[in-house]
Amino acid sequence: MSIAFLVTTLIVVATPGTGAIYTLSAGLSHGRRASVVAAIGCTLGTVPHMVAAITGMAALLHTSATAFQLVKYLGVVYLLYMAWATLKDTDPIVAEEETAPRPAGRVIASGVLINLLNPKLTIFFFAFLPQFVDTGEPGHVLRMLELSAVFMLVTLAVFAAYGVSAASVRDHVTARPRVMAWLRRGFAGSFVALGAKLALAAR
């Protein structure tokens with residue numbers, strides 16, 4: 001495992017994006033458990049992109065404008081939905097132990113969809129993984145799977161750290177309704193901005 005791969009992976013994962021925003025939002029709104037579950041969902045959402053890159057399916061998105069645009073705009077629509085849902089969730093937040101936890105399946109499903117409906121991830125893995133694998137040698141597929149597993153572990157660790165850090169200041173924030181209202185608007189605005197960025201993305 002090269003240092004270059006680990007450093008590049010850490011930079012890519014730590015850079016704030018849809019998954020990080022979603023995990024932070026889950027931590028602030030629903031606590032540590034939800035933030036970790038959200039991190040798991042976002043990590044699972046990278047699996048289809050890795051599989052696509054390894055099997056060569058990313059070439060379809062890269063060469064087919066129709067396929068790329070279809071997946072891209074599905075992602076935009078879902079990000080706009082997440083912005084709307086964030087603004088709509090105006091219920092007062094109480095201590096986690098005093099309320100029923102948000103269903104894990106629902107949190108994971110949202111995390112998976114956020115990363116799944118982003119064709120740029122597939123293109124990224126298609127260009128990223130081969131740089132660290134000699135495709136001419138036997139066992140290169142296993143090598144790509146190994147690197148993908150490391151990428152997923154780093155994703156899970158970084159996103160969980162984001163979410164748990166947000167959850168740790170949750171009690172200080174939830175006592176201030178105005179702060180929570182502005183945070184919700186901030187998260188909603190972030191989803192809209194990321195959606196706009198994805199909408200303008202070219203192959």
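Reader: In which helix is Ser148 found?

Author: Ser148 is part of helix α9. Helices (DSSP runs of H or I, at least four residues) and strands (DSSP runs of E, at least two residues) are numbered from the N terminus. The model is predicted, so local features need pLDDT of at least 70 and side-chain atom pairs count only at pLDDT 80 or more, while totals for chains, interfaces and linings use all residues. Residues are numbered from 1 along each chain as its sequence is written, and side-chain values use heavy atoms, with hydrogens and water left out.

Reader: Is Ser148 buried or exposed?

Author: A residue is called buried under 20% relative accessible area, exposed over 50%, and partly exposed in between (1.4 Å probe, protein chains only). Ser148 has 4% relative accessibility, so it counts as buried.

Reader: Which residues is Ser148 in contact with, leaving aside its neighbours within four places in sequence?

Author: Contact means heavy atoms within 4.5 Å. With those neighbours left aside, Ser148 is in contact with Met50, Ile54 and Leu129.

Reader: How do I read a salt bridge, and how many are there?

Author: Side chains of opposite charge can pair when their charged atoms come close. The rule asks for a side-chain nitrogen of Lys or Arg within 4 Å of a carboxyl oxygen of Asp or Glu. By this rule the count is 1 salt bridge. Arg143 pairs with Glu146, and their closest N and O atoms are 3.2 Å apart.

Reader: Where do Arg143 and Glu146 lie?

Author: An α-helix has 3.6 residues a turn, so residues three or four places apart point the same way. Both Arg143 and Glu146 belong to helix α9, 3 residues apart, or about one turn of the helix. Arg143 is partly exposed, because its relative accessible area is 27%. Glu146, at 38%, is partly exposed as well.

Reader: What does UniProt place at residues 141–162?

Author: An unreviewed UniProt entry places the feature "transmembrane region" there, and also at residues 35–61, 70–87 and 107–129. UniProt positions are given in the numbering used here, feature names are shortened, and annotations may be inferred rather than shown by experiment. In the model, residues 141–162 are 100% helix and 0% strand, and the end C-alpha atoms are 31 Å apart.

Reader: How many helices and strands does the protein chain have?

Author: The protein chain has 11 helices and 0 strands. Of its 203 residues, 41% are buried. Take the contacts between residues at least 6 apart in sequence: 86% of them join residues at least 24 apart.

Reader: Why does the span of helix α3 agree with its number of residues?

Author: The expected span of a helix is 1.5 Å times one less than its number of residues. Helix α3 (residues 32–44) has 13 residues, so it should span 18 Å; the end C-alpha atoms are 19 Å apart, which agrees.

Reader: Which residues of α3 are buried, and what covers them?

Author: The buried ones are Ala34, Ser35, Val37, Ala38, Ala39, Gly41, Cys42 and Thr43. Their cover includes α2 (18–30), α4 (47–55), α7 (104–116) and α9 (140–168). Val36 also lies in α3, but it is partly exposed, because its relative accessible area is 33%.

Reader: What forms the nonpolar patch on the surface?

Author: Patches are made of residues with over 30% relative accessible area and no salt bridge; like charges are joined within 9 Å, and nonpolar side chains (Val, Leu, Ile, Met, Phe, Trp, Tyr) within 5 Å. Accessible areas come from the Shrake-Rupley method with a 1.4 Å probe, and for residues only the protein chains shown count as cover. Here Ile3, Leu6, Val7 and Ile11 form the patch, with about 370 Å² of accessible area together. Ile3 is in helix α1 (residues 3–14), and it is exposed because its relative accessible area is 62%. The protein chain exposes about 10,500 Å², of which carbon and sulfur atoms supply 69%.

Reader: How many residues apart in sequence are Arg184 and Lys88?

Author: Arg184 and Lys88 are 96 residues apart in sequence, while their C-alpha atoms are 9.1 Å apart in space. Arg184 lies in helix α11 and counts as buried, because its relative accessibility is 13%. Ser190 lies in α11 too (residues 177–199). Ser190 and Tyr22 are 168 residues apart in sequence and 9.7 Å apart in space, C-alpha to C-alpha.
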